[in-house]
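Visitor: Hey, I've got a protein model open and I'd like to talk it through. Can you help me look around?

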Amino acid sequence: MKLQDMIGLAVFEVEEGQEIGTIVDCIVDSNLNITGIELESKSFFTSHVKVVAWKDIVAYGEDAVMIASKESIDKADSDNIPHTFLLGKNKLKDLQVVTTAGAIIGKISDVYFDQKMGNTIVALEISDGLVTDLIEGRKWLPCSEDMSIGENALLVPAMSEERLQKAINIVNG
């Protein structure tokens, strides 16, 4: 499942079946694990956001996310959230992907996680620009423990050009 597909999904609590909001972003830690979701907030003049920890998500699918109860919703200071996917100053979307040898691979356009594996991000979808995306498709790079999120780039281990091309698959469509 792509993380971007979760953005906009309705969130329901299972105790009363009440819809409690819509996902506007996902929270990610420095080890590329999804740690929570951010819900829409009606207030524009506060740095606090409504979040639900990943452990409080009971189920998620194509149409909705289910949480245990309204008590699962916490307020967090947006400045204390390490990384988000879509919004904020520490977002992953559009972050440069650079090898430790200095080669720029492209920018993160989406991330993939496997529902069977829980909250671990398993791969990155990388864009190399609109024209290249149209001609060649986007790249798909499997995640590894050697990757690290920096302030201005996601660093991936240096590899030979041949190994790098084997690691990167092309996503058509």
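This is a predicted model: local features need pLDDT of at least 70, side-chain atom pairs count only at pLDDT 80 or more; totals for chains, interfaces and linings use all residues.

Visitor: Where do aspartate 128 and lysine 139 sit in the chain?

Guide: Aspartate 128 is in the loop between E11 and helix H1 (130-136), while lysine 139 is in strand E12. The two are eleven residues apart, and the pair links distant parts of the chain.

Visitor: Is aspartate 128 buried or partly exposed?

Guide: Aspartate 128 counts as partly exposed, at 38% relative accessibility.

Visitor: How do arginine 138 and glutamate 125 meet?

Guide: Their side chains form a salt bridge, at 3.1 Å from N to O. Arginine 138 belongs to strand E12 (residues 138-142) and glutamate 125 to strand E11 (residues 121-127), so this pair ties together parts that are 13 residues apart in sequence.

Visitor: And is glutamate 125 buried or exposed?

Guide: Buried, with a relative accessible area of 3%. Arginine 138 is partly exposed, at 33%.

Visitor: How many salt bridges does the structure hold?

Guide: Four. One of them is between the side chains of lysine 55 and aspartate 56, at 3.5 Å from N to O. Lysine 55 is exposed, with a relative accessible area of 71%.

Visitor: Why would side chains pair up like that?

Guide: Side chains of opposite charge can pair when their charged atoms come close.

Visitor: New topic: the inside. How many residues does the largest nonpolar core have?

Guide: It has 35 residues. Those with the most contacts inside it are Leu3, Met6, Ile23, Ile37, Val65 and Leu154.

Visitor: Which elements give two or more residues to this core?

Guide: They are strands E2 (19-28), E3 (34-39), E5 (57-60), E6 (64-67), E10 (104-113), E11 and E14 (153-156). Apart from that core lies another one, of five residues, including Ile27, Val49, Ala76 and Ile81.

Visitor: Pick a strand pair for me. In which sense do E9 and E14 pair?

Guide: Strand E9 (residues 96-99) and E14 pair in the parallel sense, over four bridges. Valine 98 stands opposite leucine 155 in E14.

Visitor: What about E13 and E14, parallel or antiparallel?

Guide: Antiparallel: two bridges join strand E13 (residues 148-149) to E14. Serine 148 has leucine 155 in E14 as its bridge partner. A hairpin through three residues joins E13 to E14.

Visitor: One last thing: backbone angles. What is the phi of leucine 32?

Guide: Leucine 32 has a positive phi of about 60°, although it is not a glycine.

Visitor: Why point that out?

Guide: Because most residues other than glycine have a negative phi. Leucine 32 lies in the loop between E2 and E3, and it is buried, with a relative accessible area of 5%.

Visitor: And what is the phi of aspartate 94?

Guide: Near 75°, a positive value in a residue other than glycine. Aspartate 94 is in the loop between strand E8 (83-84) and E9. It is partly exposed, with a relative accessible area of 41%.

Conventions. Residues are numbered from 1 along each chain as its sequence is written. Side-chain values use heavy atoms; hydrogens and water are left out. Buried means under 20% relative accessible area, exposed over 50%, partly exposed in between (1.4 Å probe, protein chains only). A nonpolar core is a set of buried Ala, Val, Leu, Ile, Met, Phe, Trp, Tyr and Cys residues joined through side-chain atoms within 4.5 Å. Two strands pair if DSSP finds at least two bridges between them.
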